[in-house]
Amino acid sequence: MAPLKVTKILCIGAGYVGGPTCAVIALKCPHITVTIVDLNQARIDAWNSADFKLPIYEPGLEDVVRQCRGRNLFFSTDVEKGIQDAELIFVSVNTPTKKSGVGAGFAADLNYVELATRQIAAVATSSKIVVEKSTVPCRTAESMRTILEANSKPNCRFDILSNPEFLAEGTAISDLFNPDRVLIGSLQTPEGKAACAALKGVYANWVGEERILTVGLWSSELSKLAANAMLAQRISSVNALSAICEATGANIDEVANAVGYDSRVGPKFLKASVGFGGSCFQKDILNLVYLSESLHLPEVAAYWRQVVEMNEYQKRRFSKRVVDTLFNTITGKRIAVLGFAFKADTGDTRESAAITLIRDFQSERALINIYDPQVNEAQIWADLQEASPGIPLESIKKQVTIHKSALEACRDAEAVVIATEWKEFKEIAWEEVYKHMKKPAFVFDGRLLVDAERLGAIGFKVTTIGRSAILV
Ligand SMILES: NC(=O)c1ccc[n+]([C@@H]2O[C@H](COP(=O)([O-])OP(=O)(O)OC[C@H]3O[C@@H](n4cnc5c(N)ncnc54)[C@H](O)[C@@H]3O)[C@@H](O)[C@H]2O)c1
Ligand SMILES: O=c1ccn([C@@H]2O[C@H](COP(=O)(O)OP(=O)(O)O[C@H]3O[C@H](CO)[C@@H](O)[C@H](O)[C@H]3O)[C@@H](O)[C@H]2O)c(=O)[nH]1
């Protein structure tokens, strides 16, 4: 069966994945018309804004959108028209952890995927390739196929592919330009293979064939969960070792470097931290835990669950170290938290370790100053409110202040806590910060970011994750 040459693509979901991924497809494939739709009008308005104030911050994204928007890249809320026109549809909607019902706290909430699938079935009047872009549990494509086939019109067939996304926020555009691999899963039928070839043809416009892996549907779905679980496992492993370093005098940077030199281990993703955050790692591991339990594999479930438990322990351990070091109480003390995003180069705050730390400091009745170069105030207040249900925003605002610069946030503080690895925190005028802080002035580096010896020489008392003594 000759593969279809795709000319019209729709993406349902204009979020962190759908937006950048399909903008890059539009850039690299000028012969393809790409439309990205979302139910969220404000989000679509931001993608269409005249001054390119896009709804997500991602280095290089604005440049891509400037080149294609209005040419072969369109953003819209007209989901139905988008479905009717497209030959290939990416489903790139959110799949958060379920908050209630069966599997609450572990299983993925597939409601958005199901609603999008039902809408495709209801509206489509011609055959479509439907591509699962969202991260989903193994065998979700089967449910999508059942829904589509049960609701399809005559002469309308649907082929389902799995094409999980591996981009990391903050480096999304370079990851998309130059991916380690593109993974496409399909049924191993002639129709499935033809659909797979059609999608492969899209990526082949800029990705070398040797990096486009084609596999079975279920392997593709599971590979996405497996990749995230193994990446997060590396961080939890190094964070577990950081606790041993703090207790023994070993230095986690030196240990990670020595271990990473082994080519079988490799140097990447071994940076000890205050804990991993982001919308994916925890959600996807919990999803894997739920899948393992559903398959009656309790030992496998317990193994992966420990990766998340170690991450919680790491956050708790860090907050406690702050309290212990500040003479066992932070009540009424001013603490500057530098960074609110879950990692540098993004404005995304989902599952950010900073939120947990601030909540812990709030419950110790500290006064907290926050500064982040990208996260807007409204987002910070929304996250803090969600983290402390039942506490009115006015009460939170009595304890927490948001500042417009690091210097301002550190003024009159007793301690600075580095929660996100923004490069600008490395380059702050630390001498100036020191002058304006209460003494002794403490720095807690949760990201192995600053030069502890240099700060020590200025006069700071520095506590670094994975290092034992306070440097004076
Ligand atoms: N964020 C990442 O870095 C990343 C990376 C790889 C994979 N993923 C996965 O990709 C998926 C999407 O993640 P995201 O971060 O882009 O989520 P997101 O919340 O930023 O975006 C999802 C968008 O889908 C829209 N939506 C939901 N249902 C819809 C419908 N029926 N019709 C139209 N729009 C609809 C929402 O309004 C939202 O704007 C998730 O499964 C996630 O696990 C995320
Ligand atoms: O050595 C490291 C590396 C990362 N982190 C932290 O881990 C979290 C996640 O970082 P990263 O993986 O870089 O960002 P994400 O955007 O969450 O990307 C992950 O999750 C995506 C969503 O599934 C996948 O597509 C990506 O491949 C996968 O890296 C962040 O809080 C980082 O600060 C560390 O603490 N130490």
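**Figure 1. Buried residues of helix α3 in the predicted model.** Helix α3 spans residues 61-68, and Leu-61, Val-64, Val-65 and Cys-68 within it are buried (under 20% relative accessible area, 1.4 Å probe, protein chains only). Viewed down the axis of α3, these buried residues lie within an arc of 95°, so they line one face of the helix; the arc is that of the directions from the helix axis to the C-beta atoms. Helices are DSSP runs of H or I with at least four residues, strands are runs of E with at least two, and both are numbered from the N terminus. This is a predicted model, in which local features need pLDDT of at least 70, side-chain atom pairs count only at pLDDT 80 or more, and totals for chains, interfaces and linings use all residues. Residues are numbered from 1 along each chain as its sequence is written, and side-chain values use heavy atoms, with hydrogens and water left out.

**Figure 2. Surroundings of helix α3.** The buried residues of α3 pack against α1 (18-28), α2 (41-47), β3 (73-76) and α7 (172-177); contact means heavy atoms within 4.5 Å.

**Figure 3. The annotated segment 336-452.** An unreviewed UniProt entry places the feature "domain: UDP-glucose/GDP-mannose dehydrogenase C-terminal" at residues 336-452; such annotations may be inferred rather than shown by experiment. Over residues 336-452, the chain is 38% helix and 16% strand. The end C-alpha atoms of this segment are 17 Å apart.

**Figure 4. Context within the chain.** The chain has 19 helices and 14 strands. Buried residues make up 53% of its 472 residues.

Terms used
Chains are lettered from A and ligands numbered from 1 in the order in which they are written. Buried means under 20% relative accessible area, exposed over 50%, partly exposed in between (1.4 Å probe, protein chains only).
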